[in-house]
Amino acid sequence: MGRPSPLDIYSLLDKSNCKECGYDTCMAFATGLLERKIHVKDCTHLMNDSKQAKKRNKLIKLITPPQKPVIIGTGERAVTVGGEEVLMRHQLTYYNETGIFIEIADDDPDLEQKVKYLADLTINRIGEVLQVNGIALRNVSGDKEQFKLAAKKLADVSNLPIILCCLNPDILLAAAADIKEKNPLLYAATKDTWEQIGTFAVQNNLPVAAVSTNIDELVSLSATLQQLGAKSIILDAGTYFGPGNLAVTYDNIIKLRTAAINKEDVNAGWPVMGVPAVYWAQTKVDDKKDLWRHQFEEIIMGAIMESIGTSLIIMHTGQEKDDIWALLALMTLRQSVYSDPRIYPAVDPGVYKVGEPGDMAPIFVTSNYRMTKIPVEQDLQGANIACWLLVADTEGIGIESAVAGGQFSASGIGEAVNEFKPFDNVKHRILILPGMAARISGALEDEANAFVVVGPRDSSGIPKFMDTQWKPEEFMKEYESWEKE
Ligand code: SF4
């Protein structure tokens, strides 16, 4: 079918331009809908006019991606997985990044403490907040009451989405019944348990994972669950470590995604999950000294799954504070893989204030490449350096390349000085140039009519530079004597 155009969507709208959806025109609404900024339900005409029901259903069908999205959890931490339209990010964009769930055992005495730690874990990286997406509660105890108790505790202490993991349907559904208002994912329905678990999922409108190591069986399990009425399914074809098994694991994920997106197979058209946490069940780990090596194996599996578009992964490593390195690796990789290739990585040029700068506060010059400007700003904030940041338009290119390519030039920075007037904020005319741009310092003095100091090559060196080399009064004396000549 392919991606619909705004015109395809527009043809199904009311075309009255009534503005009740918040958009000025139905055409603007059509574009917003295509970009997933709004939902069909936001058009009051389509929703309230019974005569338009046919068009509404046609529109919903038209805009539903070939791999349908599934929501786990409720409230602001609810996570949407899947819902992709393309196999490769560069073909359009990925809309929903891999959901990272951390496994915790139902008999873990530190369950509460671990859940609170994971719920609060927030990492700010280049202007984005990185977090884990939820908890996968595993029934290790084999005991129904223990599982129920742990699920209840988990739901009480945090608003993180929950996956209930237990292959015994009686135990799984007993816990699910207690916390169903939290919209947990039921993990998992198999060829032996699909009816009991599927019926419960349908009756309670809950997402359900289907598991089979045989792809054909998995797809037919999905078809059966859909016939039963299931509206949210996640597919798991198994995760296997060891020689030969890795390739099978990745191959199955790619096969499912290809069937969903390229072949538009409605039974494969659901998010795909992987469970690197099974490493610890599949491997004999008896040497604590080598713990990190085992953790590495699991993390590498998770990282590869992220990079091949797996919709959701369950990790074991990451539940302890000491494992933060593992989550950092997974979350930063995910941030890169799932960034939108249509958004140019640039920030607006201008003068940015850091802290409460005084009259003699320094002015640092940098590029408008997002990955340069934001880390520099964060380094300055982290070191409590109150200052001004003059961001020149380098067409979104980092300093080293922009100096070589001419985008970070004396004339360009001179124009930025004229346009944004950084010297109006201070009582000096000093600019601090990144060390990587030292060669344009002379020309910049002329272009900006300023005293130019060459700073460190990397913004992490700014605190030391401020301690040892920032002497504004001396610089200004030099500037004034140079001015008189
Ligand atoms: S509410 Fe519906 S009919 Fe009105 S402008 Fe929006 S899309 Fe058009």
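# Notebook: a predicted chain

I began with lysine 19, which counts as exposed because it has 12 C-beta neighbours inside 10 Å. My cut-offs: a residue is buried if 20 or more other C-beta atoms lie within 10 Å of its own, exposed if 12 or fewer, and partly exposed in between, with C-beta atoms placed from the backbone. This is a predicted model, where local features need pLDDT of at least 70 and side-chain atom pairs count only at pLDDT 80 or more, while totals for chains, interfaces and linings use all residues. Residues are numbered from 1 along each chain as its sequence is written.

Lysine 19 sits in the loop between H1 and H2. I checked its backbone: phi is near 70°, a positive value in a residue other than glycine. Asparagine 17 lies in the loop between helix H1 (6-10) and helix H2 (26-34). Asparagine 17 also has a positive phi, about 50°, although it is not a glycine. I count asparagine 17 as partly exposed because it has 14 C-beta neighbours inside 10 Å.

**Whole chain.** I then looked up the totals. The chain has 19 helices and 17 strands. Helices (H or I, at least four residues) and strands (E, at least two) are DSSP runs, numbered from the N terminus. Of the 485 residues in the chain, 40% are buried. The C-alpha atoms fill a box of roughly 90 × 70 × 40 Å, taken along the principal axes. I call two residues in contact if their C-beta atoms, placed from the backbone, lie within 7 Å. Among the contacts with a separation of 6 or more, 64% are between residues 24 or more positions apart.

**Barrel.** Which strands form the closed barrel? I traced eight, in the order S3-S6-S7-S8-S9-S10-S11-S12, with parallel pairing. The twist averages 30° from one strand to the next. Helix H9 (residues 215-228) packs on the sheet and touches strand S8 (185-189), strand S9 (208-211) and strand S10 (233-236). The direction of H9 makes about 145° with that of S9. Axes here are lines fitted to C-alpha atoms, for helices over the stretch in contact, and angles run from 0 to 180 degrees between N-to-C directions.

I looked at one pairing in detail. Strand S3 (residues 99-105) and strand S12 (residues 312-315) pair in the parallel sense over four bridges. Two strands pair if DSSP finds at least two bridges between them. Isoleucine 102 has methionine 315 in S12 as its bridge partner.

I also noted a cis peptide bond between tyrosine 187 and alanine 188, with omega about 10°. Alanine 188 belongs to strand S8.

Is strand S14 (residues 363-367) mostly covered or mostly open? I found it mostly covered, with five of its five residues buried. Both faces are covered: Ile363, Val365 and Ser367 are buried on one side, Phe364 and Thr366 on the other. S14 runs parallel to strand S15 (residues 387-392), and five bridges join them. Phenylalanine 364 has leucine 389 as its bridge partner in S15. S14, helix H14 (residues 370-382) and S15 make a right-handed β-α-β unit. A crossover is right-handed if, with the strands pointing away from the viewer, the path from the first strand over the helix to the second runs clockwise.

**H6 against H7.** I fitted the axes of helix H6 (residues 144-157) and helix H7 (residues 169-179): they come within 9 Å and cross at roughly 30°. H6 and H7 are therefore roughly parallel to each other. Angles under 35 degrees count as roughly parallel, over 145 as roughly antiparallel, 65 to 115 as roughly perpendicular and the rest as oblique. The crossing of H6 and H7 is right-handed. H6 contributes Lys144, Phe147, Lys148, Ala151, Lys152 and Ala155 to the contact; H7 contributes Asp170, Ile171, Ala174, Ala175, Asp178 and Ile179. A crossing is right-handed if the near helix is turned clockwise from the far one by less than a right angle, and left-handed if anticlockwise.

**Two single residues.** Isoleucine 123 lies in strand S4 (residues 123-125). I count isoleucine 123 as partly exposed, with 15 other C-beta atoms within 10 Å. What does isoleucine 123 touch, not counting residues up to four places away in sequence? I found Leu130, Leu328 and Met331.

Glutamine 203 lies in helix H8 (residues 194-204). Glutamine 203 is exposed, with 10 other C-beta atoms within 10 Å. Glutamine 203 and tyrosine 352 are 149 residues apart in sequence and 54 Å apart in space, C-alpha to C-alpha.
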